[in-house]
Amino acid sequence: MPVVVVKDLHKHYGEVRAVDGLSFTVEAGEVLALLGPNGAGKTTVVEILEGHRRRTSGELEVLGFDPESGGRDYREKIGIVLQEAGVDEDFSPRELLKLYRGMYPRRFAVDEVIERVGLAEKADAKVKTLSGGQRRRLDLALGLVGDPELLFLDEPTTGFDPSARRRAWDLVDSLRDLGKTVLLTTHYMDEAEHLADRVAVIVEGRLAAIGTPAEIGGSARVSSTITFRIPRGTDISDLPDLGGQLLTEGADLQLRTAVPVDALERLTGWARARHVELAGLTVERASLEDVYLELIGAEEQRAPGEQDKVSS
Ligand SMILES: Nc1ncnc2c1ncn2[C@@H]1O[C@H](COP(=O)(O)OP(=O)(O)OP(=O)(O)O)[C@@H](O)[C@H]1O
Ligand SMILES: [Mg+2]
């Protein structure tokens, strides 16, 4: 059963269509990641779902509520990590967590949350003495302490060092194990790939693609990259027609192709006939990042540089 239902959502700021007819659902227990370039509308969508912004039009149902009118009953069931949160800097993480925890009927123990986000060393220090990444860990802790059914995480790991990021991933994995539903935004493809059951790519307020990372990866027009080094004593012009798109990448050649088996057959056939080696030969499938860049590139070409204007 879906926990979040979004139908034809619009949010217009004057002439700017920040969200321009979005529809998607999030199933119970699912982790959905919103991807998209700066200004695509991710935060706007998330904040509308949290009940922090009013929509221009569209239908919404989140945990059975309309976020705009759900009030306290709704707020008690969700956890929020804003893209930019402001907390009182003279309090310590432990004090803030106790305060927030008091507002929820269900909740986690303060020490457990502090431990989970990796803030034990700074639990009693004033927030103003925390580093950027430590503050973000506090934001995550505050979103979690009310034991929410549904958690909104807007770029939760921006500014995290690699080990803190891994820890945050483990945290989201453990939330999934507890059956929580998570809607997150991120600019990190590896994060989306690791955490998300499904990914929704948003470009200029519209849905460009939605599916599992594998489904989206598999939808690439150019699905594979064959990399090899041109043998000594030969020249690019000696190569047979390999199809696809051939690029020079430092000392290597890269062939981007939708039919890697055909291309490999021609390439290796050519090398064997000439008795030359193809040093450093590798074949890689398109990554989520490749497809993502392809998707947003195509969308940007469709609407060059400018948002659609709303006729009034
Ligand atoms: N309060 C506002 N008033 C006017 N325009 C706004 C407002 N908030 C957002 N916008 C515009 O709406 C669009 C979407 O912004 P939004 O913050 O949702 O993007 P985002 O996808 O979260 O981007 P980022 O990756 O940079 O966080 C942008 O064009 C932005 O300038
Ligand atoms: Mg944002």
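Modeller: Helices here are DSSP runs of H or I with at least four residues, and strands are runs of E with at least two, numbered from the N terminus. The model is a predicted one, and in it α1 gives the most to the shell around ligand 1, with 3 residues. The residues around ligand 1 are Y13, V16, A18, G36, N38, G39, A40, G41, K42, T43, T44 and Q83, and the elements that contribute two or more of these are β2 (16–27) and α1 (42–50). Sorted by class, this shell has 4 nonpolar, 7 polar and 1 charged residues.

Both of those elements lead on to the sheet. Three strands form an open sheet in the order β2-β1-β4, with antiparallel pairing, in which β2 and β4 (57–62) are the edge strands, each pairing on one side only, while the twist from one strand to the next averages 15°. Strand β1 (residues 2–13) and β4 are joined in the antiparallel sense over 5 bridges, and V5 has E61 in β4 as its bridge partner. Helix α1 packs on this sheet, where α1 touches β1, β2 and β4, and the direction of α1 makes about 120° with that of β1.

Turning to another packing in the model, helix α3 (residues 93–101) and helix α5 (residues 132–144) pack at an angle of about 20°, with their axes 9 Å apart; because angles under 35 degrees count as roughly parallel, α3 is roughly parallel to α5. In this contact P93, L96, L97 and Y100 of α3 meet L138, A141 and L142 of α5, a set that divides into 7 nonpolar, no polar and no charged residues.

Technical notes. Residues are numbered from 1 along each chain as its sequence is written. Chains are lettered from A and ligands numbered from 1 in the order in which they are written. This is a predicted model: local features need pLDDT of at least 70, side-chain atom pairs count only at pLDDT 80 or more; totals for chains, interfaces and linings use all residues. Axes are lines fitted to C-alpha atoms, for helices over the stretch in contact, and angles run from 0 to 180 degrees between N-to-C directions. Angles under 35 degrees count as roughly parallel, over 145 as roughly antiparallel, 65 to 115 as roughly perpendicular and the rest as oblique. Two residues are in contact if their C-beta atoms, placed from the backbone, lie within 7 Å. Ala, Val, Leu, Ile, Met, Phe, Trp, Tyr, Cys and Pro count as nonpolar, Asp, Glu, Lys and Arg as charged, and the others, Gly among them, as polar. A residue is near a molecule or strand if its C-beta atom, placed from the backbone, lies within 6 Å of it. Two strands pair if DSSP finds at least two bridges between them.
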